[in-house]
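Have the model open beside you as you read.

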Amino acid sequence: MNSEENIVISGVAGRFPESDNVKELEKNLFNKIDMVTEDTRRFKNDNPELPKRMGKINNINKFDALFFGINPNQANAMDPMSRMLMEHAYEAIVDAGINPSTLKGSKTGVFIAACFSETEKICLYEKKWANNGYGITGCSKAMYANRLSYWLGLTGPSYTVDSACSSSIVAIENAYRSIKSGQCDAALVGAANLCLHPSLSYQYTKLGALSPDGYCKTFDADANGFVRAEAVGIIYLQKLKNAKRVYGTIVNCKTNCDGYKEQGITLPSSLMHSNLIRELYDECKVSPNDVKYMEAHGTGTKIGDPQEIMAIDIGLCSNRKEPLIVGSIKTNLGHAESASGIVSVTKIIIANETGKIPPNLHFNKAKKGLKAIEEGRIRIITEAENWNGGYAGVSGLGFGGSNAHCLIKSNDKEKINNALPNDDLPRLVMVSGRTEYAVKYILDDIENRPIDVEFIKLLHDIHADRIDGHLYGGYTILNTINSIEKTLQSNCEKVISRKIDILPQKKHSVWFVFSGMGSQWPTMGKSFLLTIFTEAIRKC
């Protein structure tokens, strides 16, 4: 395939345990914060059989229904996952440098991964909610994807994927194939998981899947199950030729199923998982030895961990000279089930952007019998390590036997002049937002970064036309000299001017005022010659 036809990740957004966005997740990962907590935000846990700890996200009860064009009655009966998918889909589109209103009528697909909805009981079966009809459209899993397509006016494929814990990677595979085949030109791929009711956790406990102490100790000798977690994540996929930023390239994505197993439907198969990995790399003609990092499914279960290590060993480590680095973000924040794959991909994006791979938690000594670790073919990452880019794999395994694997390559294109301007002209950056605080937040972020002309161009593209629903606007004028020299020796402040105000409801017309009505006088422009105005004219 022509490199311009490569499918890349150009936008990302999400909400994760104790992390309201990707930047906070990055900070928590590198600071080795255990994002699994013990509190009663979701339900009072007075069942001694249930683990007390769980990964929980913030602000699930907040939603700007008016901005998203949702009837208040409908908003009240909507699954919170559906609401948050709308919020973060919007953010991912903007993160890709796209004004969301420009997507209307485009052949953009929507592929959402979801498994269980713990809101259905309230909205469909309790009398208080079940008598207004909004519960059906609020909690139907089909609506997770279809409502995004409806709201944004997208005409590509739109559906929800459920293959249990491999759902996210299966959704990415579906989107990848759809773009390659021409069914859509771009795609939103998202996933959501919430833990709102103790009943499902109790079912997992009875299966013997949950860690009694609430710690996910993947590949460790003391591993005793996974910890449930919440997450909402979205990535935006498009062809390289249309992308304004690149977090990574989807080199290949593939799925298969274990089929019949004598041991039972929920037991993983290292044979079928390793077959999938081998087939994927053969198909895209990438040597397994070129894969430098593997983000494993890695749930920390007694049976799952050995089977996965065996599959990775067979699929990627046969002729390896140096050990393959393996990690699992589930040790940091828990198992987000249907959303776990998107969370893992987000971790790879963080590694690509920072040049460091975030570490695992709770790994001290490898579980006995994991020969690939014992013999040095696989090494579990326990401290942040430098990442010079290259190929990274990510796996998702469903408890019904659905396996998925995705190969991601970092963006090897370097920024010209490190994205610094090659002049000392001030930079005007104009933005808008739903609230005054939103505009202030964006401007603060811009002003706290080094000057990056590519990033400023991205913001110009987003805000060139008015964004529907944005009530406030603002601008900042940045002094380029101070940023280039990276010193305070200059008397110039970095921010020359800044203002935030309510946007006018109507677009103002442009006026041209003609002179010649007695308003001019001799030497009236002389004072301009003694200012920076003269230098600016000379440069332009």
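Does Glu173 count as buried or exposed? With a relative accessibility of 13%, Glu173 counts as buried, where buried means under 20% relative accessible area, exposed means over 50%, and partly exposed lies in between (1.4 Å probe, protein chains only). Before we go on, please keep in mind that this is a predicted model, in which local features need pLDDT of at least 70 and side-chain atom pairs count only at pLDDT 80 or more, while totals for chains, interfaces and linings use all residues. Residues are numbered from 1 along each chain as its sequence is written, and side-chain values use heavy atoms, with hydrogens and water left out.

Back to Glu173: its side chain meets that of Arg177 in a salt bridge, at 3.2 Å from N to O. A salt bridge here is a side-chain nitrogen of Lys or Arg within 4 Å of a carboxyl oxygen of Asp or Glu. The two residues sit 4 residues apart in helix α8 (residues 167–181), so about one helical turn separates them. Arg177 is partly exposed, with a relative accessible area of 27%. Helices (H or I, at least four residues) and strands (E, at least two) are DSSP runs, numbered from the N terminus.

In total, the structure holds 33 salt bridges. One of them joins Lys239 to Glu5, with the closest N and O atoms 2.8 Å apart. This pair ties together distant parts of the chain: Lys239 lies in strand β7 (residues 231–239) and Glu5 in the segment before β1 (7–15), 234 residues apart. Glu5 is partly exposed, at 21% relative accessible area. Another salt bridge brings together the side chains of Arg377 and Glu375, 2.5 Å from N to O. Here Arg377 is partly exposed at 24%, whereas Glu375 is exposed at 51%. There is also a network in which Glu18, Asp39, Arg41 and Lys56 are joined by salt bridges that share partners.

Strand β7 leads us to a sheet. Eleven strands form this open sheet with mixed pairing, in the order β5-β4-β6-β7-β1-β8-β15-β14-β9-β10-β12; two strands pair if DSSP finds at least two bridges between them. Its edge strands, each pairing on one side only, are β5 (158–161) and β12 (378–380). From one strand to the next, the twist averages 25 degrees. Such angles run from 0 to 180 degrees between N-to-C directions, with axes fitted as lines to C-alpha atoms, for helices over the stretch in contact. Within the sheet, β7 and strand β6 (residues 186–193) pair in the antiparallel sense over 8 bridges, and Ala191 has Gly233 in β7 as its bridge partner. Helix α3 (residues 80–95) packs on this sheet, touching β1, β4 (108–113), β6 and β7, and its direction makes about 135 degrees with that of β1. Contact means heavy atoms within 4.5 Å.

Strand β17 (residues 472–478) runs antiparallel to β16 and is joined to it by 7 bridges; Ser432 stands opposite Gly473 in β17.
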